[in-house]
Amino acid sequence: MPKHPTPKLDELESGPWPSFVSDIKQEAVNRIENPNKVEHQIPADCPEDLLGVLELSYNDGETHWKHGGIVGVFGYGGGVIGRYCDQPEQFPSVAQFHTLRVNQPSAKYYDTKYLRAVCDLWERRGSGLTNMHGSTGDIVLLGTQTPQLEEIFFELTHDLDSDLGGSGSNLRTPECCLGPSRCEFACFDTQDICHDLTLSYQDELHRPAFPYKFKFKFDGCPNGCVAAIARADFSLIGTWKDDIKMDHSAVAAYVGGEFAPNAGAHSGRNWGKFDIQKEVVERCPTGCMSWDGSKLRINNRECTRCMHCINAMPRALRIGSERGASIFVGAKAPVLDGAQMGSLLLPFVEVTPPYTEVKDIIEKIWDWWMSEGKNRERLGETIRRLSFQRLLDVTGIKPQAAHVQEPRHNPYMFFKEDEVPGGFERDLEAHRKRHKR
Amino acid sequence: MTEDQQKIVDFIAGKNKTKFYFNDFLAVFPDRGPREVKKVLTAMVQEEIMEFWSSGSTTLYGLKGSGKQGQAEGEA
């Protein structure tokens with residue numbers, strides 16, 4: 001017999017899709033029956049109270065959670081998000097229900113021993129409920145009480161060799177794609193730089209001093225499996241400088257039907273014979289490909305590395321050899337509104353240890369944003385407010401054609417005196433007589 | 001308490017609120033960069049003079065134990 005009747009939540013279980021309600025109910029039963037004799041350090045029935053709060057919120061049409069507070073582990077300004085129920089008498093087991101973010105390993109490679117240890121820890125010192133993983137990539141441990149925080153932190157750091165992730169006005173937990181560990185399209189070692197920057201910027205991760213959150217993400221190629229361009233304040237997206245490598249005999253094999261296009265990804269339905277003209281050449285966004293019935297040609301100067309042709313015929317076309325990354329800045333994907341894609345800052349940078357060139361740019365951006373960014377202003381908003389030109393100034397990157405999204409969007413060019421050979425003199429007073437503010 | 005730390009405590013005492021953005025403290029040390037100011041604040045957190053308050057998305061600094069949050073949540 002459940003502690004709280006939950007008719008509305010029960011309806012969420014009726015669809016064909018997996019239900020988080022079923023998951024919570026399963027854990028509620030597991031904690032009450034406790035077959036493994038776990039010594040629960042917080043109330044065993046907290047999943048049941050969690051369901052009760054949620055049902056109440058559905059009935060009332062408003063949340064019964066308060067978030068935020070001074071909870072945390074000593075010296076850290078992030079990684080713990082305080083959560084409190086505003087109906088503690090009705091739901092005492094979730095009166096405190098703090099969230100912990102744990103820094104996931106690069107590209108989320110685990111062994112089962114580690115996962116069992118995390119689950120055992122959370123069964124004992126938390127609610128047993130997890131979110132694998134949060135949007136930013138962390139392991140999210142849902143629901144514990146204040147006295148458990150230091151104990152959990154000690155066990156995480158000493159027994160599991162893990163650290164808390166980022167929250168608040170911090171560098172958030174960096175995230176990367178699988179990179180060269182499993183992907184032939186990777187143009188740099190995403191896991192290595194993700195790990196390196198995580199270690200290099202521990203102070204920024206744990207001790208908040210930014211105007212708002214700041215996210216790094218690393219995509220090994222323009223396919224963008226971690227969607228860096230849409231989500232990260234600072235994105236590295238793999239690219240190459242030279243030509244796409246082509247195996248003409250493999251192209252012929254695709255055309256002849258020997259190889260399934262897209263590595264067989266769309267083979268669940270009969271789409272007819274592979275048509276290289278329609279499915280590859282005419283899909284090229286820059287029109288830089290041609291097919292004369294026997295030979296595929298690519299004008300690599302015009303290629304923007306959209307990856308479509310390589311994805312369609314991976315055995316015939318390969319990324320080039322001069323590999324590195326493009327740097328994009330200023331993306332954000334807030335829950336409500338204001339989503340913004342990243343802007344290209346540097347078309348090509350070599351991404352090799354110790355990553356000095358990348359770190360140099362990051363630190364210049366931080367120094368600027370920390371001084372001139374407004375509170376709760378993401379980097380992308382600061383750039384929009386103070387201009388991309390200002391960002392180029394502070395990073396020391398010269399303006400180039402690749403920075404221009406569309407020609408003549410703004411026909412006015414402003415030059416400073418020191419940017420023009422010989423300089424110029426401007427009589428501002430005379431100007432203002434002719435042009436009132 | 002160092003001279004810098006005292007300046008921060010005095011700055012907070014002169015305000016009618018208990019939680020401050022990091023940027024607020026830059027005004028206390030107009031000749032210094034954000035990283036230097038951060039070092040002063042970090043030391044104050046380590047010495048338990050100040051503490052972090054986080055909403056989850058934004059973090060503020062305050063004197064340890066001050067403000068409603070500390071009492072209201074039974075954390076002080």
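## Domains 2 and 3 of chain A

In this predicted model, the centres of domain 2 of chain A and domain 3 of chain A sit 31 Å apart, taken over C-alpha atoms. Chain A splits into domain 1 (7-158), domain 2 (175-240 + 323-418) and domain 3 (245-318); those bounds come from an automatic or database domain assignment. Five residues from domain 2 of chain A and five residues from domain 3 of chain A make the contact, where a contact is a pair of residues whose C-beta atoms, placed from the backbone, lie within 7 Å.

On the side of domain 2 of chain A that touches domain 3 of chain A there are three nonpolar, two polar and no charged residues. The classes go like this: Ala, Val, Leu, Ile, Met, Phe, Trp, Tyr, Cys and Pro are nonpolar, Asp, Glu, Lys and Arg are charged, and the others, Gly among them, are polar.

## Ground rules for the model

Since nothing here is experimental, local features need pLDDT of at least 70 and side-chain atom pairs count only at pLDDT 80 or more, while totals for chains, interfaces and linings use all residues. Residues are numbered from 1 along each chain as its sequence is written, with chains lettered from A and ligands numbered from 1 in the order in which they are written.

## Chain A overall

Chain A carries 15 helices and 15 strands. These are DSSP runs numbered from the N terminus: H or I of at least four residues for helices, E of at least two for strands. The C-alpha atoms fill a box of roughly 75 × 75 × 45 Å along the principal axes.

Take the chain A contacts between residues at least 6 apart in sequence: 63% of them join residues at least 24 apart.

## The mixed five-stranded sheet

Five strands of chain A make an open sheet with mixed pairing, in the order S7-S8-S9-S14-S15. Two strands pair if DSSP finds at least two bridges between them. S7 and S15 of chain A are the edges, each pairing on one side only. Strand S7 (residues 175-176) of chain A runs parallel to S8(A) over two bridges, with A:Glu175 opposite A:Lys217 in S8(A). S8(A) is also parallel to strand S9 (residues 234-240) of chain A, over four bridges; here A:Phe218 has A:Leu236 as its bridge partner.

Leaving out residues up to four places away in sequence, A:Ile365 touches A:Phe234, A:Val329, A:Leu379 and A:Thr395.

A:Leu379 is also one of the buried residues of helix H13 (residues 379-386) of chain A, along with A:Gly380, A:Thr382 and A:Ile383. They cover an arc of only 160 degrees around the axis, so they end up on the same side of H13(A); the arc is that of the directions from the helix axis to the C-beta atoms. The buried residues of H13(A) pack against strand S14 (323-329), strand S15 (343-349), H12 and helix H14 (388-395) of chain A. Just after H13(A), A:Ser387 takes a positive phi of about 95 degrees.

## Where chain B meets chain A

Contacts link 22 residues of chain B with 27 residues of chain A. On the chain B side, H3(B) makes the largest share, five residues. That side divides into six nonpolar, 12 polar and four charged residues.

How values were computed. Contact = placed C-beta atoms within 7 Å. Buried ≥ 20, exposed ≤ 12 C-beta atoms within 10 Å, placed from the backbone.
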